[in-house]
Amino acid sequence: MPRVFKGVTLIMYTGRCSCRSIIYTILNKPFFTHACHCSLCQKYTASAFVVHSPIEMFNFILNEGQLEPTPGPSGSGGGHTVMRCKVCGDQIYSIIFNNPNIAVVKTTTLDEAERFPPQAHVYVKYKLPWVILGKGIPQYNEFYERGKVYPKASLERRKKVELATKGCL
């Protein structure tokens, strides 16, 4: 929700875990939001799919609570750490491909998750047959090419973070 501070409009959205021990804020809109239907996400979340909203780590603020890093499965083998509430175990965000500068927020932990509906469905070849997808949202059998799918401003933001990450490694 936008807030005005010293004449500047700030974009802020809050989120929390189910036990309310974790309260966090994101300071910008996510780059993009997608629903992942891969079999690993299905198993890891005990659901038909998970909704992800990646954002720069510097735009993720942990206001209350403690997060516990846990290793997670990765179809690419590129590394996946899930940050969970230390009390209830809810997934809050992931770090993938060992890139600590991007938080892949679990969208439904946001208080206003309805503001960030999926802009794409990925790995639909693994989609459970009883999940019916609407026709208005792009569907990909695998993952999409960011350069062809992300809005231009989001792509530029993500490229800056990736360049900064390469400079740190």
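Predicted model: local features only at pLDDT ≥ 70, side-chain atom pairs only at ≥ 80, totals over all residues.
Trainee: Why is the contact of Glu-56 with Arg-157 called a salt bridge?

Mentor: The closest N and O atoms of Glu-56 and Arg-157 are 2.7 Å apart. The cut-off is 4 Å between a side-chain nitrogen of Lys or Arg and a carboxyl oxygen of Asp or Glu, so the pair qualifies. By this rule the count comes to 7 salt bridges.

Trainee: Which parts of the chain does the pair link?

Mentor: Distant ones: Glu-56 lies in strand 6 (residues 50-56) and Arg-157 in helix 3 (residues 152-168), 101 residues apart.

Trainee: What makes Glu-56 count as buried?

Mentor: Its relative accessible area is 4%. Buried means under 20%, so Glu-56 is buried. Arg-157, with 18%, is under that limit and therefore buried too.

Trainee: Why is Arg-115 called partly exposed?

Mentor: Arg-115 has a relative accessible area of 40%. Exposed means over 50% and buried under 20%, so Arg-115 falls in between. Arg-115 forms a salt bridge with Glu-112, and Glu-112 is partly exposed at 23%.

Trainee: How do you know that Arg-158 and Glu-162 are separated by about one helical turn?

Mentor: Because they are 4 residues apart in helix 3.

Trainee: What makes strand 3 and strand 4 a pair?

Mentor: Two strands pair with at least two bridges between them, and strands 3 and 4 have 4, so they pair. They run antiparallel. Thr-14 has Thr-25 in strand 4 as its bridge partner.

Notes:
Residues numbered from 1 in each chain as written. Heavy atoms only, no water. Buried < 20%, exposed > 50% of the residue type's maximum accessible area, 1.4 Å probe, protein only.
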